[in-house]
Amino acid sequence: MASIEKLRAIARELEQKGSKASQLSWTLYTTGFDFGVVQAQEETTAVLRNKHYYRTVLEHRELDLGPLDRRRGELLYRGFRSYHVSDEFNRLESAVRAKRTELAKVLNAHRVRLGGREVRSTEIAQILRSSPDRALRKKAFLARAQVNRPLVEAGFLDLVRLRKELAAAYGAPDFVAYQLEMAELSPRVFDGWEQQAARLRPRYQEVCAALGRKHLGSDRVMPWDTAYLGARIAPQLAAPVDMARYHEVLRGLFLKFGFDIDRFNITYDIFPRRNKSEWGYNFTIERGRDSRVLANVEGRYQELGVLLHETGHAVHSFSLDPADALLNMGVSGIVSEGIANLFAGFLYHRSFFGGLLPGGVRVVGRDFARLREFNRAGAFTAMCGILFDQALYREDLASLDDINQLYWSRHRRIMDEKPYAAEPAWGFRIHHTTHPVYLHNYFLGDLTNEMLKQVFCKRHKVRDVMERPKAFGQFLRDEVMAPSGTWPFLELFERISGEPFSLRWLAP
Ligand SMILES: [Zn+2]
């Protein structure tokens, strides 16, 4: 059988260049200093545009290879082929990248103003969770819309247009189809979402009405009430925690599953600062070798969820074989975000909060169980943002108002509600700018987690994965994380669950 040594060498070169670009992005996102992100990305792209390399990739497609080497070759081919469609595609691809980086800077440097002063995203979150003043919560919630206009003025609509042109130059029906093809995902995954939302809505409205009557004196729950209600159900979310001990706290949880994060090279930058991105991120500088976590925490229990999520990404990265850069190119965003959310979910498990939170473990456990039920009933509401993000590339948009109206139209389809403000908050969500057609990964990742937990519990005859944490860690490592690049998502899902992927795991 033929060898793929030449392909491995190309993949190594790609990885080295990509690693340099990631290091520069890390610096840009944590400090605002740009030491040449676009230039470094251009150098990665130059490898992909190399005609000689592309010929090598094509030649290997004709060889008699074993199944895994065939997969490795196809993944590299998928990475290369769009760069050899036309010069027009390459011109557009560079333009998209430059625009995206420029707009990310606008978002990273922007700070919301409330009551005449600048407020951090962590403060907004704190108001939404804990202020009994409903008018103030509404103001804080809608203040996130402030960045819409500067973002559009800096060229957000140009970015959308460039992406549409890019997809057309590639020959895809639209940019959504293009992105899904790159992610090895069938557009059919999104079929039937509106009907599914219609089925789940009545139960959610019922839950909201009951909670609203109890805590708000109104059965109409608004988006600025959701976090507040969550914190009324489980006040422990806002409990102060000593963030100086964050590493020890994280290590304790991951160790239960057999992952010792002290053995992994993970860098943390977790406190807010000017010009630093207000989101949570995991930068894979080099898979299995160097992982970095950006977060914004100030000392509340709930914020540990972000640290668990981002550390989950790191643990996933360290479960992959660093020497197999080719298969690592096949890791799907759904598995990636699913694993991260799976670990974030332990925020509500006694194995994590015991010892961290005041009050009896039983009381906290009961409150968190109620909170999880509330969150589960509302999980489908994420469909609004996912469908809005896709619609940006399927409708004609010429102004900020067009985008706002598009948002409301998708909101109405999923929530069956009228607009609740003149302008919705959408631009602050950095995904629309930097990670288009990506939001479904969190949603489908959570659905995958339900499947994983149920499959594990059935197999080990337990009711809770924490009855066998080491075995659960091994299951995740051996059957989910390590082979996550080996199969496309839908195939990986079916291999573990024994049935084709469906939305049935969403049902409460
Ligand atoms: Zn993530």
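Visitor: What do the buried residues of H13 pack against?
Guide: This is a predicted model. In it, the buried residues of H13 pack against helix H14 (304-318) and helix H17 (350-353).

Visitor: Which residues of H13 are buried?
Guide: Helix H13 covers residues 246-256, and Leu250, Leu253 and Phe254 are buried there.

Visitor: Why do they line one face of the helix?
Guide: Viewed down the axis of H13, the buried residues fall within an arc of 95°, so they line one face. An α-helix has 3.6 residues a turn, so residues three or four places apart point the same way.

Visitor: What follows H13?
Guide: Glycine 258 follows H13, and its phi is positive, near 90°.

Visitor: Switching to strands. How do E4 and E5 pair?
Guide: E4 (residues 281-286) and E5 (residues 290-294) pair in the antiparallel sense, over 5 bridges. Tyrosine 281 stands opposite leucine 294 in E5.

Visitor: And how many residues sit between E4 and E5?
Guide: The two strands form a hairpin with 3 residues between them. Glycine 288 is in the turn, with a positive phi of about 75°.

Visitor: Now asparagine 441. Where is it found?
Guide: Asparagine 441 is found in helix H22, which spans residues 440-460.

Visitor: Is asparagine 441 buried or exposed?
Guide: Asparagine 441 counts as buried, because it has 25 C-beta neighbours inside 10 Å, and the cut-off for buried is 20 or more.

Visitor: Which residues does asparagine 441 touch?
Guide: Leaving out residues up to four places away in sequence, asparagine 441 touches Gly333, Ile334, Ser336 and Glu337.

Visitor: How far apart are asparagine 441 and arginine 161?
Guide: They are 23 Å apart in space, C-alpha to C-alpha, and 280 residues apart in sequence.

Visitor: Zooming out. How many helices and strands are there in the protein chain?
Guide: The protein chain has 24 helices and 5 strands. Its radius of gyration is 23 Å, close to the 23 Å that the globule rule gives for 508 residues, so the chain is as compact as a globular protein of that length.

Visitor: What box do the C-alpha atoms fill?
Guide: Roughly 70 × 55 × 45 Å, taken along the principal axes.

Visitor: And what share of the residues count as buried?
Guide: Of the 508 residues of the protein chain, 38% count as buried.

Visitor: Last one, on contacts. What percentage join residues at least 24 apart?
Guide: Among contacts between residues at least 6 apart in sequence, 75% join residues at least 24 apart.

Key. Residues are numbered from 1 along each chain as its sequence is written. This is a predicted model: local features need pLDDT of at least 70, side-chain atom pairs count only at pLDDT 80 or more; totals for chains, interfaces and linings use all residues. A residue is buried if 20 or more other C-beta atoms lie within 10 Å of its own, exposed if 12 or fewer, and partly exposed in between; C-beta atoms are placed from the backbone. Helices (H or I, at least four residues) and strands (E, at least two) are DSSP runs, numbered from the N terminus. The arc is that of the directions from the helix axis to the C-beta atoms. Two residues are in contact if their C-beta atoms, placed from the backbone, lie within 7 Å. The radius of gyration is taken over C-alpha atoms; the globule rule is 2.2 Å times the number of residues to the power 0.38. Two strands pair if DSSP finds at least two bridges between them.
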